[in-house]
Amino acid sequence: MDVNSPRKWDADYERKTDGWDLGGPTPVFKRIIRSRQLIPGRMIVLCAGRGHDARQFARHGFQVTAVDFSSQAAEEMHRLASPEAPVEILQHDIFTLPEPFNLSFDYVLEYTCFCAIDPKRRAEYADLVSRLLKPDGIYIDLAFPLDGRKGGPPFAVLAAEVLDLFQARGFKLIAREKPSESVSPRRHAEELFLFQKSSNR
Ligand SMILES: C[S@@+](CC[C@H](N)C(=O)[O-])C[C@H]1O[C@@H](n2cnc3c(N)ncnc32)[C@H](O)[C@@H]1O
């Protein structure tokens, strides 16, 4: 089935072939929030799935918009919504987010979104991240899977490709690490990148 169609993803949620879902927030994001290294601000979570990460940031003061084009994912986000973690839930294709979203986020967060989209659309994806972020905004990318696998989704990601895509758009790499708390099947196959958009784009 076509990864560009929400029907593919709806079918995965319906058939419970949604093994990407960790059932709660991603451990390295919990640590980043605890460390207070990121000042709460406006964040968009791309391909948010059930919204565990979106709610975790919202619970700690971030003003979060969670986007996913699957009706099943959006329904799940509504079902799991909590007043302590207010999230704006948007059922929408990330590639056609409306213009008023341009330059309006302090943070863009992705985990298992970049690897879920059609690899031919990766340059378009990087343009999207750039247009969503405010000048000096931060792109938080937990890149997975860095294991050179064939086929997908998830489609393999190369660290060099991520660096090229964002540095070519004027982003500065401000941190990278292989998180020690990655869940065991993903340990050594993911890397966290923090990029800062330039102040004059
Ligand atoms: C592998 S899942 C990851 C979900 C979530 N990030 C997580 O970690 O649980 C990929 C998600 O991306 C969504 N998705 C894929 N392409 C999309 C697009 N173009 N626009 C919006 N959502 C998309 C799918 O509906 C699916 O929920």
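**Close-up views of a predicted model**

**View A. Pro145 is part of the loop between strand 5 and helix 6.** In this legend and those below, helices (H or I, at least four residues) and strands (E, at least two) are DSSP runs, numbered from the N terminus. The peptide bond that leads from Phe144 into Pro145 is cis, with omega near -5°. Residues are numbered from 1 along each chain as its sequence is written, and side-chain values use heavy atoms, with hydrogens and water left out.

**View B. The ligand sits in the largest pocket.** A pocket is defined on a 1 Å grid over the protein atoms alone, as an open set of points where a 1.4 Å probe fits, with protein on both sides within 12 Å along at least five of seven lines; a molecule sits in it if more than half of its atoms lie within 2 Å of its grid points. Of the 16 residues around the ligand, those that come nearest are Tyr13, Cys47, Asp68, Tyr111 and Thr112, a residue being counted as near if one of its heavy atoms lies within 4 Å. Polar side-chain atoms of Tyr13 and of Asp68 each lie 2.6 Å from an oxygen atom of the ligand, while a backbone N or O atom of Tyr111 lies 2.9 Å from a nitrogen atom of the ligand. Taken alone, the ligand exposes 590 Å², of which the protein buries 94%; the areas come from the Shrake-Rupley method with a 1.4 Å probe.

**View C. Thr26 is found in the loop between helix 1 (6-15) and helix 2.** Thr26 counts as buried because its relative accessibility is 4%, where buried means under 20% relative accessible area, exposed over 50%, and partly exposed in between (1.4 Å probe, protein chains only). Leaving aside neighbours within four places in sequence, Thr26 is in contact (heavy atoms within 4.5 Å) with Asp53, Tyr111 and Leu142.

**View D. Arg36 and Leu38 both lie in the loop between helix 2 and strand 1.** Arg36 is not a glycine, yet its phi is positive, near 60°, and at 73% relative accessibility this residue counts as exposed. Leu38, by contrast, counts as buried at 7% and touches Ile32, Phe62, Tyr107, Ile138, Ile140 and Leu194, residues up to four places away in sequence not being counted.

**View E. Phe105 lies in strand 4 and counts as buried at 0% relative accessibility.** Beyond residues up to four places away in sequence, Phe105 touches Arg42, Met43, Ile44, Thr65, Leu132, Leu133 and Lys134. The C-alpha atoms of Phe105 and Leu132 are separated by 6.0 Å, although these residues are 27 residues apart along the chain.

**View F. The buried residues of helix 5 (residues 122-132) are Arg122, Tyr125, Ala126, Leu128, Val129, Ser130 and Leu132.** These buried residues pack against strand 1, strand 4 (105-111), strand 5 (133-143) and helix 6 (159-167). Within strand 5 lies Asp136, which has a positive phi of about 70° although it is not a glycine; with a relative accessible area of 40%, Asp136 is partly exposed.

Conventions: Predicted model: local features only at pLDDT ≥ 70, side-chain atom pairs only at ≥ 80, totals over all residues. Polar contact = N/O pair within 3.5 Å; in protein donor to acceptor, adjacent residues only side chain to side chain. 1 Å grid on protein atoms, 1.4 Å probe; cavity = no way out; pocket = protein on both sides within 12 Å on 5 of 7 lines; lining within 4 Å.
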